[in-house]
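Please look over the sequence and the structure shown below before reading on. The report that follows takes up a few places in turn.

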Amino acid sequence: MIIAIDGPSGAGKSTVAKAVAKHLGFSCLDTGAMYRCIALAALEAGVELSDEQRCASIAREKAISFGHVEGDPVPKRVFIDGVEVTDDIRTARIDRSVSIVSAHPLVREALVEQQRRLGHQGDFVIEGRDIGTVVFPKAEVKVFLTASNEERARRRVLQNEQRGVGSVDFDEVLADIVRRDELDSSRETAPLIAAEDAVRMDSTGRTIEDVIDDICTRARAAR
Ligand code: C5P
């Protein structure tokens with residue numbers, strides 16, 4: 001079974017996806033982390049982010065993998081070719097760069113193939129922007145999770161504070177979120193858009209626990 005959770009940055013997708021996976025005993029895949037890895041690897045290799053061919057070569061050649069923190073069943077650590085990049089992919093520099101790289105059709109092609117291969121290995125909660133529309137259009141449960149811009153920025157600042165990585169300036173984070181959503185929604189390939197059959201959930205003014213319960217109930221009913 002695939003549970004697809006799509007939506008804009010900071011809507012709570014990661015927290016919700018990981019908790020739903022834990023509750024249901026599913027695996028969990030953060031596809032945003034994969035695009036972040038390609039942005040990081042491109043920057044480190046001195047590749048122009050606008051260079052689709054070279055970014056796509058990186059997407060084909062670099063091995064992205066996920067790992068567990070001890071005692072936690074949900075993978076939260078990220079590796080490129082075996083080197084841990086969990087924090088390096090969450091910096092403000094990557095926030096500014098990732099949407100340029102993710103707009104390249106060839107980069108998407110390479111990553112979508114990997115996402116499908118992984119997703120076919122079992123029950124998965126997969127979060128991203130195009131999971132319900134492109135990667136797994138037949139997902140059994142599709143959720144499009146949103147929240148107001150201010151709520152999303154507030155949550156992202158809190159998350160960055162807790163992680164000790166990324167910007168903690170509210171205005172800067174808000175501006176990044178709005179800019180990134182604009183880029184992600186207006187790109188030609190696999191734009192950020194709700195699938196027609198997705199359940200729209202606005203998490204503004206709703207507790208995360210309530211959203212998690214709602215998705216788990218829908219998943220159990222779809223079994
Ligand atoms: O989810 P997160 O904010 O970490 O995603 C980072 C970026 O990766 C997004 O802003 C978007 O440009 C890209 N992305 C995407 N398709 C996905 C997941 C993420 O284009 N399925």
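## A residue in strand 6

Is Val-125 buried or exposed? In this predicted model, Val-125 is found in strand 6, which covers residues 124-128, and Val-125 counts as buried because its relative accessible area is 0%, where buried means under 20%.

Leaving out residues up to four places away in sequence, Val-125 touches Ile-3, Ile-5, Ala-17, Val-20, Ala-21, Phe-26, Ser-27, Cys-28 and Leu-29.

## The annotated binding site

An unreviewed UniProt entry places the feature "binding site" at Gly-7, Pro-8, Ser-9, Gly-10, Ala-11, Gly-12, Lys-13, Ser-14 and Thr-15. Of these positions, Pro-8 is found in the loop between strand 1 (2-6) and helix 1 (13-24), and Ala-11 is found in the loop between strand 1 and helix 1 as well. Pro-8 is buried, with a relative accessible area of 8%, and Ala-11 is also buried, at 1% relative accessibility.

When residues up to four places away in sequence are not counted, Pro-8 touches Lys-13, Arg-129, Phe-144, Leu-145, Thr-146, Arg-152, Asp-181 and Leu-192. With its neighbours within four places likewise set aside, Ala-11 is in contact with Leu-145, Thr-146, Ala-147, Arg-152, Arg-155 and Ser-203.

Arg-152 belongs to helix 7, which spans residues 149-163, and Arg-152 is buried, with a relative accessible area of 3%. A polar atom of the Arg-152 side chain lies 2.6 Å from the backbone oxygen of Ser-9.

Apart from residues up to four places away in sequence, Arg-152 touches Pro-8, Ser-9, Gly-10 and Ala-11, and also Ala-147, Ile-177 and Asp-181. Among these contacts, Pro-8, Ser-9, Gly-10 and Ala-11 are positions that the UniProt entry includes in its "binding site" feature.

## Helix 4 beside helix 8

Helix 4 (residues 92-102) packs with helix 8 (residues 170-186) at an angle of about 5 degrees, and their axes are 9 Å apart. Helix 4 is therefore roughly parallel to helix 8, a description used for angles under 35 degrees.

On the side of helix 4, the contact is made by Ala-92, Asp-95, Arg-96, Val-98, Ser-99 and Ser-102, while helix 8 contributes Glu-172, Asp-176, Arg-179, Arg-180, Leu-183 and Asp-184. Sorted by class, the residues in this contact of helix 4 with helix 8 are 3 nonpolar, 2 polar and 7 charged.

Terms used
Residues are numbered from 1 along each chain as its sequence is written. This is a predicted model: local features need pLDDT of at least 70, side-chain atom pairs count only at pLDDT 80 or more; totals for chains, interfaces and linings use all residues. Side-chain values use heavy atoms; hydrogens and water are left out. Axes are lines fitted to C-alpha atoms, for helices over the stretch in contact, and angles run from 0 to 180 degrees between N-to-C directions. Helices (H or I, at least four residues) and strands (E, at least two) are DSSP runs, numbered from the N terminus. Angles under 35 degrees count as roughly parallel, over 145 as roughly antiparallel, 65 to 115 as roughly perpendicular and the rest as oblique. Contact means heavy atoms within 4.5 Å. Ala, Val, Leu, Ile, Met, Phe, Trp, Tyr, Cys and Pro count as nonpolar, Asp, Glu, Lys and Arg as charged, and the others, Gly among them, as polar. UniProt positions are given in the numbering used here, feature names are shortened, and annotations may be inferred rather than shown by experiment. Buried means under 20% relative accessible area, exposed over 50%, partly exposed in between (1.4 Å probe, protein chains only). A polar contact is a pair of N or O atoms within 3.5 Å; within protein, one must be able to donate a hydrogen and the other to accept it, and residues adjacent in sequence count only if both atoms are side-chain atoms.
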